[in-house]
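Me: I have a chain to read. Walk me through its features, please.

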Amino acid sequence: MRTVVCPGSFDPFTYGHLDVVRRARSLSDRVVVAVAHNAAKKTLFTVAERIELARVTLDNAGLDGIEVHEAPGLLTEFCAQVGAEHIIKGLRNGADLDGELPMALMNRAISGVETMFVLGEPQLSHIASSLVKDVARHGGEIHGMVDPKVAEEIQRALAVQ
Ligand code: PNS
């Protein structure tokens, strides 16, 4: 059984993330979505909320063979804990590759875990969690970018900020 890990901040989980997880699932038997801590980012949602919103999106999409867990420490240690052979991440553009390359090289250097990249659906390449939140913050339309429940929770979280 081939297990892969799809890591990220997922603040919140978008349809771009869903596309990547779906592609990862087509390449493996079991996908573990790792909701990680990124020290460089201040998040809108707590880890528990980010896990729940990822699960809701995946459930509504009808995907099986996917688990969502918190990955509190080093990602490579999490990979060892869940028995994952690879990390899979999505790329939208060259800037994504520039950001991902150092992490992939570091993860391989410290653990031997290889990162594989999949290209996201071009029609979803405008979707980024940060931009979705910004559009919503200014009253814009985010339909078709996140699950309806996620859209609702973004509005709720922004309202109490
Ligand atoms: O969605 P993001 O914020 O681009 O994902 C980055 C993330 C969370 C995958 C990365 O920051 C990470 O792996 N954090 C866990 C801690 C860790 O292992 N750091 C060393 C990475 S080389």
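Me: How do I read contact range here, and what share of the contacts joins residues at least 24 apart?

Reply: A contact means heavy atoms within 4.5 Å. Among contacts between residues at least 6 apart in sequence, 76% join residues at least 24 apart. Keep in mind that this is a predicted model: local features need pLDDT of at least 70, side-chain atom pairs count only at pLDDT 80 or more, and totals for chains, interfaces and linings use all residues. Residues are numbered from 1 along each chain as its sequence is written, and side-chain values use heavy atoms, with hydrogens and water left out.

Me: Which pattern does the chain follow along the sequence?

Reply: Helices (H or I, at least four residues) and strands (E, at least two) are DSSP runs, numbered from the N terminus. This chain has 6 helices and 5 strands. In sequence order they read β-α-β-α-β-α-β-α-β-α-α. The radius of gyration is 15 Å, close to the 15 Å from the globule rule for 161 residues, so the chain is as compact as a globular protein of that length. That radius is taken over C-alpha atoms, and the rule is 2.2 Å times the number of residues to the power 0.38.

Me: What percentage of the residues count as buried?

Reply: Buried means under 20% relative accessible area, exposed over 50%, partly exposed in between (1.4 Å probe, protein chains only). Of the 161 residues, 46% count as buried.

Me: Is Lys89 buried or exposed?

Reply: Lys89 sits in strand β4, residues 86-91. Its relative accessibility is 18%, so Lys89 counts as buried. Setting aside residues up to four places away in sequence, Lys89 touches Pro7, Val20, Glu100, Met116, Phe117 and Val118.

Me: Now backbone geometry. Which residues does a cis peptide bond join?

Reply: Most residues other than glycine have a negative phi, and most peptide bonds are trans. Here a cis bond links Asp11 and Pro12, with omega about 0 degrees. Pro12 lies in the loop between β1 (3-8) and α1 (15-26). Phe10 lies in the loop between β1 and α1. Phe10 is not a glycine, yet has a positive phi of about 50 degrees.

Me: How many aromatic pairs does a search of the whole structure find?

Reply: Rings of Phe, Tyr and Trp (its six-membered ring) pair if their centres lie within 6.5 Å; planes under 30 degrees apart count as stacked, over 60 as edge-to-face and the rest as tilted. The search finds 1 pair. Phe10 and Phe13 form a tilted pair, 5.3 Å centre to centre with 40 degrees between the planes. Both Phe10 and Phe13 are buried.
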